[in-house]
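Hi,

Here is the structure I promised to pass on.

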Amino acid sequence: MTTVAHWIDGKPAASTGTGEQPVLDPSTGETITHVALGSAEDVDRAVASAVAAAETWSQMSLGKRASVLFAFRQLLVGATDELAALVSREHGKVLSDARGEIARGLEVVEFACGVPQLLQGEFSDGAATGIDVLSSREPLGVVAGITPFNFPVMVPLWMSPVAIAAGNAFVLKPSERDPSASLFLADLWSRAGLPDGVFSVVQGDRVVVDALLHHPDVEAVSFVGSTPVARYVHATASAHGKRVQALGGAKNHGVVLADADLDDAAEQLTAAAFGAAGERCMALSVAVVEESVADALVVRLAERARAVRVAPGSTPGADMGPVITAAAKRRIEGLVTSAQEQGATLVVDGRGTVVPGHEGGFFVGPTLVDHVRPEHDVYREEVFGPVLDVVRVPDLDAAIELVNANPYGNGTALFTASGEAARRFRRRVKVGMVGINVPIPVPVAWHSFGGWKDSLFGESHVYGPEGVRFYTRGKVVTQRWPHRDRPAAPASFHFSGDAQK
Ligand code: NAD
């Protein structure tokens with residue numbers, strides 16, 4: 001059995017770390033391969049190569065950099081089916097959803113192909129007499145990305161294409177649960193003509209994360225994962241003088257008003273709650289429903305939850321695969337049990353779901369819990385599994401109050417036929433990404449992605465215009481070219497706006 005190891009200096013590299021851990025097929029519980037747990041020395045090697053690579057890559061013309069991005073895009077399109085199968089095998093999500101995450105990552109690559117325009121500067125001709133001013137953005141050097149298990153392709157592609165297009169070298173620390181996609185991407189970058197060392201991968205756990213956060217040559221850190229780790233990464237990287245964006249967990253509310261099309265809302269909520277077995281940071285895990293239509297909505301949701309086809313991700317026609325580990329299954333089922341014990345009503349119970357022929361798999365069926373209250377553990381915690389809570393509220397204002405009282409602020413959606421209600425919700429809700437009759441409002445690549453409150457630490461959202469700013473710093477040049485045949489004007493001894501006029 002092989003071990004998934006690193007990619008350093010443009011080629012596969014063995015680990016100097018002492019440990020490794022199994023990578024499991026979540027639909028059987030069997031070991032597929034092992035992943036190396038890298039060491040601080042591995043990080044040193046990757047960063048040293050990246051420092052040298054950033055030096056030359058940043059000096060390459062924008063046109064040359066764009067041509068590598070275009071080639072990478074083409075290779076990624078051609079490899080979609082193979083990569084989707086790899087993702088589905090290690091993560092467990094259904095193939096169509098794995099293809100979908102590649103498509104969303106591809107969109108960011110396409111955005112980054114426009115780097116010549118994205119990095120266009122500003123110029124003030126004659127800002128003062130004989131003086132011109134120009135502003136430009138320059139790359140940072142070596143930047144690191146630390147990514148979660150739930151999107152092993154999309155999240156690295158939220159970061160790396162923009163960082164690389166801007167002229168940086170990028171070091172990726174993928175999740176140890178589904179590490180193989182990272183090496184697949186590294187190989188594509190290399191085949192696209194990216195110089196050695198501009199994209200590297202170091203596999204591992206906290207040891208590698210800490211080595212990156214402390215490394216003096218890592219200028220910036222992008223992190224996506226759970227809130228406690230995001231908070232730690234933000235604090236540690238900041239304390240070491242790095243620029244950092246750390247995206248955390250979520251609890252996303254889908255608010256359904258009495259005037260909404262209930263069939264449509266139920267359909268959208270079902271897919272958004274149970275797609276990818278609820279292991280999406282933008283999954284809608286709470287339906288906040290106006291009391292007058294709650295019974296009617298719950299009937300519709302229950303009908304649809306029972307119809308979800310749960311099977312291994314590679315099964316044609318499957319809607320939903322297993323969750324990532326046996327521990328995740330236990331935790332999710334425990335939260336469902338606690339909801340029942342704390343007074344909520346279990347309408348559809350996915351605990352104990354067994355898929356014939358896959359008895360060792362980590363399956364949890366779609367679960368619908370009604371009459372959930374904010375003090376219930378199933379509401380307070382990020383479940384990150386196929387569990388939809390229903391919280392009943394009297395009206396829109398109460399719904400907004402509930403959403404705003406939640407510590408997370410990643411995404412939310414409103415289902416309504418009222419423009420006035422939509423406008424009120426959009427303006428008052430304290431959440432970074434808002435959908436109006438759109439259940440999972442992940443922004444397209446030329447806008448930026450990010451939550452508020454405990455869903456993001458740092459000022460900057462990822463990809464889009466904010467991604468470009470995050471991976472670059474501004475430089476302003478003020479220049480004066482005295483006429484060589486005329487006497488020079490006397491220099492001023494005082495600092496004054498008048499001096500330049
Ligand atoms: P995680 O926080 O366990 O792991 C994320 C990364 O951090 C991994 O690379 C992991 O190896 C590393 N890590 C884990 N524990 C660490 C520690 N103690 N110290 C240093 N590094 C550590 O998250 P996960 O389980 O892989 O992913 C699921 C979580 O990610 C959920 O909370 C989900 O909401 C969140 N997520 C958020 C977004 C977003 O955009 N806000 C997107 C995807 C996932």
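This is a predicted model: local features need pLDDT of at least 70, side-chain atom pairs count only at pLDDT 80 or more; totals for chains, interfaces and linings use all residues.

**The α2/α6 pair**

Let me begin with two helices that pack on each other. In general, a packed pair is described by the angle between the two axes and the distance between them. Here the pair is α2 (residues 62–78) and α6 (residues 154–165), whose axes come within 9 Å and cross at roughly 150 degrees. Anything over 145 degrees counts as roughly antiparallel, so α2 and α6 are roughly antiparallel to each other.

Which residues make the contact between α2 and α6? On the α2 side they are Arg65, Leu69, Phe72 and Leu76, and they meet Leu157, Pro161, Ile164 and Ala165 in α6. By type, the residues of this contact divide into seven nonpolar, no polar and one charged.

α6 itself is mostly covered, with 12 of its 12 residues buried. The buried residues include Trp158, Met159 and Ser160, as well as Leu157, Pro161, Ile164 and Ala165. Its geometry checks out too: at 1.5 Å a residue, the 12 residues of α6 should span 16 Å, and the end C-alpha atoms are 17 Å apart, which agrees. Just after α6, Gly167 takes a positive phi of about 105 degrees.

The same length check works for α1 (residues 40–57): its 18 residues should span 26 Å at 1.5 Å a residue, and the end C-alpha atoms sit 25 Å apart, in agreement. The buried residues of α1 are Asp42, Val43, Ala46, Val47, Ser49, Ala50, Ala53, Ala54 and Trp57.

**Two open sheets**

As a reminder, strands of a sheet pair through backbone hydrogen bonds, either parallel or antiparallel.

β6 pairs with β7 (residues 131–139) over four bridges, in the antiparallel sense, and Ser124 stands opposite Val133 in β7. The hairpin of β6 and β7 has two residues between the strands, and in it Gly130 takes a positive phi near 75 degrees.

The other open sheet runs in the order β1-β5-β4, and its pairing is mixed. Its edges are β1 (3–4) and β4 (19–25), each with a single partner strand, so one side of each is left without a neighbour in the sheet. β1 and β5 (residues 30–37) run parallel and are joined by two bridges; the bridge partner of Thr3 is His34 in β5. α3 packs on this sheet, touching β4 and β5, and its direction makes about 100 degrees with that of β4.

α3 (residues 80–91) is also where you'll find Ala85. Ala85 is partly exposed, at a relative accessible area of 38%. From Ala85 to Ala98 is 13 residues in sequence and 7.6 Å in space, C-alpha to C-alpha.

**Single residues**

Is Tyr379 buried or exposed? Tyr379 is buried, because its relative accessible area is 5% and the cut-off for buried is under 20%. Tyr379 lies in helix α13 (residues 377–380). Setting aside neighbours within four places in sequence, its contacts include Lys251, His253, Arg373 and Asp389, along with Val286, Val372, Pro374, Val391, Leu402 and Asn406. Ala399 is 20 residues from Tyr379 along the chain, and their C-alpha atoms are separated by 14 Å.

Finally, a couple of backbone angles in loops. Asp9 has a positive phi of about 60 degrees although it is not a glycine. Asp9 is in the loop between β2 (6–8) and β3 (11–13) and is partly exposed, with a relative accessible area of 32%. Asn437, not a glycine either, has a positive phi of about 60 degrees. Asn437 is found in the loop between β20 (433–436) and β21 (452–453), and at 34% relative accessibility it counts as partly exposed.

Cheers

Terms used:
Residues are numbered from 1 along each chain as its sequence is written. Side-chain values use heavy atoms; hydrogens and water are left out. Axes are lines fitted to C-alpha atoms, for helices over the stretch in contact, and angles run from 0 to 180 degrees between N-to-C directions. Angles under 35 degrees count as roughly parallel, over 145 as roughly antiparallel, 65 to 115 as roughly perpendicular and the rest as oblique. Contact means heavy atoms within 4.5 Å. Ala, Val, Leu, Ile, Met, Phe, Trp, Tyr, Cys and Pro count as nonpolar, Asp, Glu, Lys and Arg as charged, and the others, Gly among them, as polar. Two strands pair if DSSP finds at least two bridges between them. The expected span of a helix is 1.5 Å times one less than its number of residues. Buried means under 20% relative accessible area, exposed over 50%, partly exposed in between (1.4 Å probe, protein chains only).
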